[in-house]
Amino acid sequence: MEYGGYARAPKFMMPTNLRFLQRYGYQNKDKAILKHVDTSLTKMAWGGLFDTVDGGFSRYSVDVKWHVPHFEKMLYDNGQLLSVYADAYKRTKNILYKEVIEKTVQFCDNELLNDKKGYFASLDADSLNEENHLEEGAFYSWTKEELQTILKEDFNLFAKVFNVNSFGYWEEEKKYVLIQKETIEEIAKQNGISAEALSVKKKNWEQLLYTIRKERKKPRLDDKSITSWNALYISGLVDSYKALGNPKYLEKAENCASFITTQLWNETGFLWHTYKNNVSKIEGFLEDYALTIEAFISLYQITLNEKYLINAKQLTDYCFENFYNEKEQFFSFTSRNAEALIATHYEIEDNVIPASNSVMANNLYALSIYFENSYYEKVYQNMLAIVLPTIDYASAFSNWLYVWMNTLGNQKELAICGKNALEKVTQINILFTPNVIIAGCTKESNLPFLADRFDKAKDLLYLCSNRTCQIPETKIESIINQIKND
């Protein structure tokens with residue numbers, strides 16, 4: 001409860017756990033769980049796990065206070081954490097969460113964007129130090145003398161914000177890794193300055209350090225692009241767009257989706273796993289399909305562009321043909337057509353990335369509604385029925401528990417049909433509504449869930465539970481009130 005996350009080191013962020021706990025705590029009005037989530041997100045954001053100068057999270061911290069990270073920055077972590085912080089911002093309107101989202105997107109654009117508008121895999125932990133030797137964290141850490149020279153008369157106040165003291169000291173290297181341990185409001189009050197003025201100073205300090213740090217030798221780049229990790233980043237951008245309404249995030253998400261469809265989706269139907277130097281290779285694994293399907297569904301839910309759902313269904317049906325084992329009732333990690341490099345494996349446990357089978361179960365839940373497909377429904381329900389009774393270590397099954405929550409009584413479907421549907425969808429998406437799945441159309445739709453629901457004369461909103469719909473409403477405020485009061 002002091003630093004969030006788990007009370008052990010090394011300490012991984014485990015975004016899948018945080019995502020489930022946030023949803024469960026919110027839907028069950030469990031203040032203790034939500035406090036744990038917010039403590040985790042706040043302490044993670046205060047550094048050094050999070051790079052306050054240029055954004056982006058490192059893989060994990062070596063200590064319990066999220067201070068000294070293993071400095072490698074992975075696209076898959078940052079994509080998932082965008083989603084978690086976006087949901088937290090919708091729930092709390094905490095400005096710190098907004099700052100994390102904005103800086104993380106900026107980091108990914110600055111350091112990981114490829115020439116096809118997809119994203120590279122990672123930045124290495126090591127970089128060349130002043131003696132031209134590879135050293136972990138050399139790019140990110142500072143000596144006290146450096147900071148005094150850079151910040152001049154502002155150093156003492158800077159040192160209080162970022163703990164240039166025993167709390168922020170990195171013993172092994174005699175350097176400091178910037179970390180905050182109190183809110184800006186608390187620090188401002190203690191130092192006789194307004195919170196607004198201190199926030200401006202903090203922003204200026206970070207820009208100054210960013211400019212100076214750019215002159216250092218950068219960490220090495222892993223310049224391959226991985227399909228599944230790009231898909232996670234698309235979902236993160238979509239969730240960030242929902243929370244903050246920044247149209248650039250939607251543009252980036254659609255560009256990245258286009259990168260997958262043009263560079264990583266083979267014309268014969270399968271996905272490639274990696275892309276590098278204009279070459280796509282290695283036939284995709286289940287996680288590539290599952291996370292890409294999830295990304296396409298999330299794009300549909302903010303654009304109402306049904307091509308994303310058609311793509312999602314096409315990839316889903318490919319998975320049934322090439323990965324699904326009727327006897328085991330799960331999808332194998334490798335395609336039946338791929339070279340048998342490893343024994344057939346069914347990925348069930350959620351880890352730093354959710355298990356590909358739990359992601360598929362969640363996809364089948366959504367697609368079973370949109371396409372009114374009873375087979376999809378049966379498959380994901382069977383998967384849940386097998387997994388849930390076997391759970392003995394809940395943190396390894398948090399995404400399964402997320403899927404399970406979709407089967408509870410307060411789960412809703414919302415169809416918004418009419419010329420202004422997109423505008424109304426945006427009004428819903430800005431709310432934290434994890435128990436509502438959204439569909440909609442701005443013209444007649446062939447999607448089974450939306451059949452015969454479009455009216456040229458007016459916007460109609462259908463709130464449904466287990467596909468049984470109420471009489472349509474015309475006022476979105478009524479729908480919002482029903483969702484909030486459920």
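This is a predicted model: local features need pLDDT of at least 70, side-chain atom pairs count only at pLDDT 80 or more; totals for chains, interfaces and linings use all residues.
Me: Hi! Among contacts between residues at least 6 apart in sequence, what share joins residues at least 24 apart?
Reply: Hello! In this protein that share is 66%, where contact means heavy atoms within 4.5 Å. Residues are numbered from 1 along each chain as its sequence is written, and side-chain values use heavy atoms, with hydrogens and water left out.

Me: Good to know. How many helices and strands are there?
Reply: The protein has 17 helices and 19 strands. Both are DSSP runs numbered from the N terminus: helices are H or I with at least four residues, strands are E with at least two.

Me: And how compact is the protein for its length?
Reply: Its radius of gyration is 23 Å, close to the 23 Å that the globule rule gives for 486 residues, so the protein is as compact as a globular protein of that length. The radius is taken over C-alpha atoms, and the rule is 2.2 Å times the number of residues to the power 0.38. Along the principal axes, the C-alpha atoms fill a box of roughly 70 × 55 × 45 Å.

Me: What percentage of the residues is buried?
Reply: Of the 486 residues, 59% count as buried. Buried means under 20% relative accessible area, exposed over 50%, and partly exposed in between, using a 1.4 Å probe and protein chains only.

Me: New topic: which cysteines form a disulfide?
Reply: Cys464 and Cys469 do, with their sulfur atoms 2.0 Å apart. A disulfide here is a pair of cysteine sulfur atoms within 2.5 Å, and the structure holds one.

Me: Why is that disulfide called right-handed?
Reply: The torsion about the S-S bond of Cys464 and Cys469 is about 90°, so the disulfide is right-handed. Cys464 is buried at 1% relative accessibility, while Cys469 is partly exposed at 27%.

Me: What about Cys319, how far is its sulfur from the closest cysteine sulfur?
Reply: That distance is 18 Å, with Cys256 again holding the closest sulfur, and it is too far for a bond. Cys319 counts as buried at 0% relative accessibility.

Me: Let's do sheets. What is the strand order in the open sheet of four?
Reply: The order is β17-β16-β18-β19, with mixed pairing. β17 (436-441) and β19 (468-469) are at the edges with a single partner strand each, so one side of each has no neighbour in the sheet. Two strands pair if DSSP finds at least two bridges between them.

Me: How do β18 and β19 run?
Reply: They run antiparallel, and two bridges join β18 (residues 460-465) to β19. Ser465 stands opposite Thr468 in β19.

Me: Which strands does helix α17 lie across?
Reply: Helix α17 (residues 476-485) lies across β16, β17 and β18, at about 20° to β18. Axes are lines fitted to C-alpha atoms, for helices over the stretch in contact, and angles run from 0 to 180 degrees between N-to-C directions.

Me: Last one: what is the order in the sheet of three strands?
Reply: That open sheet goes β11-β12-β13, with antiparallel pairing. Four bridges join β12 (residues 272-276) to β13, and Lys276 has Val279 as its bridge partner in β13.
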